[in-house]
Amino acid sequence: MLELTPVLHKDSSTPLYIQLADFIKQEIRKNHILPNEKLPSKRKLATHLQISLNTVQAAYDQLCAEGYVESIPRKGLYVLTIDEEFKNQQQTKAIHIVKKTNKQEEVKIDFNSGQVDSKYFPYNIWRKLSMQSIYEDQNFWFSNGDPQGEFNLREQIAKHLYATRGVNCHPDQIIIGAGTQVLIGLIGLLLGRDKVYGLENPGYYRIRVVLQDMGKETLPIPVDENGMDVSQLSKSKANVAYVTPSHQFPYGMIMPITRRLELIKWAEKNSAFIIEDDYDGEYRYKGKPIPALQGLANNSQIIYLGTFSKSLIPSLRISYGVLPNTLYSTYQKQFTVYKQTVSRMHQDTLYRFIKDGHWNSHLNKMRTLYRKKRQVLLQAIHEHLGRNVEVIGENAGLHIVLEVKSDWNEWRLIEKALDFGVKVYPVSTYYFQNEYLGNPKVILGYGGLTETEIETGIELLKRAWELE
């Protein structure tokens, strides 16, 4: 029997059946209970937990009503598959449920903002450099490397950041990690237990999840047309601000120099820290790139984050952080016990890839490709959706936000799009309370789609949403 061991408080104002249902929902969302897994029978669970059969029945009824499980006659209760993009929704929102045999398998066009065009990845070059790395240093890779990451790769990253983003740093200040979430976890430890994090609202929810799972206090700071509202940040008790100034996620605005300087002054005045996540700063389609926050300040209070997920491929899982000197000293004293999370061979291959000029060539090619895809997307929206929608955040990155002038809500738009084989994504996920005012909005990522798929997808959305 599946072991369920919730802590139920009989003296709580929350009914026992709600406590039990909430526990099972959390276990499903955390993948502790997997899709298609059978739940214990009502009688066995009631006996195991020493509660009434009616309490278990009520909890199971609640789970069925919310779509977490389904009852199969004469077989029992089975867990349904929950779409990964919606697992982190608050319980007050409907969870997007997908059975193995339904719409999910029929998705033809997926506007996923996390996808890139992998067809243009230089496989042959990468394979050649990987083989060089193995043959030239066979025995070298058998030992643990530097906890911070391979020095030669950090040296190349430092050179690139200075030349393209105006980031001033020494390779010693750079730490390599297997993704931004891993680095955020380490940064949380470096900053200490007493920090309160001000996060963009809306903002990248995976960062919020990591911090909350670590027990950190997180506060929603609203954004306006220039990014995080520093006046609201100043009114809060936050002493760490997490921002995406080069391309705010999800709305895509670019923080102007005046707001950047205002944010830096806040950090200096309050002895606070800024975490600058430059997750896709390579892709900007209008105007000249604005220097990173880190390059504008004395860099004693700014932590800069970057990744190769957008510029190469997400599965490479190589990201990096630039620590200010004060935090680097703390890292050296207390945190080198944490081993490096990225393969040394992958690091060395990437080092060779950058050093030999392949990365710059690849970036230039992908900028041209994505600029063209962006234009196809905007033209298709203009032709097929016209005045029924408004495009937000189209000047950088690999996604846009589409505001739809409709009486339908966000979830209705998503469901109707799925009926036509098109998958779009909610903006509400990125709000603290999963709610916002105004017309419904969805996210359209275009990096991983062909031009034909982009055009077809927009045509299908017009039909799905019944727009004239």
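**View 1. Arg344 and Glu150 are both buried.** Buried means under 20% relative accessible area, exposed over 50%, and partly exposed in between, with a 1.4 Å probe and protein chains only. This is a predicted model: local features need pLDDT of at least 70, side-chain atom pairs count only at pLDDT 80 or more, and totals for chains, interfaces and linings use all residues. Residues are numbered from 1 along each chain as its sequence is written, and side-chain values use heavy atoms, leaving out hydrogens and water. Arg344 and Glu150 form a salt bridge, with their closest N and O atoms 2.9 Å apart. This pair joins distant parts of the chain, 194 residues apart. Arg344 lies in helix 12 (residues 344-355). Glu150 sits in the loop between helix 4 (123-136) and helix 5 (151-165). Helices (H or I, at least four residues) are DSSP runs, numbered from the N terminus.

**View 2. Asp146 meets Arg154 in a salt bridge.** The N to O distance is 3.3 Å. A salt bridge puts a side-chain nitrogen of Lys or Arg within 4 Å of a carboxyl oxygen of Asp or Glu. Arg154 counts as buried, at 2% relative accessibility. Asp146 is partly exposed, with a relative accessible area of 31%.

**View 3. A salt bridge joins Lys372 and Glu451.** Their side chains meet at 3.8 Å, N to O. The pair links distant parts of the chain, 79 residues apart. Lys372 belongs to helix 13 (residues 358-384), Glu451 to helix 15 (residues 451-464). Glu451 is partly exposed, at 27% relative accessible area.

**View 4. Asp117, Lys119 and Lys373 form one network.** Salt bridges that share partners join these residues. By the salt-bridge rule, the count comes to twelve.

Note on methods:
Helices (H or I, at least four residues) and strands (E, at least two) are DSSP runs, numbered from the N terminus.
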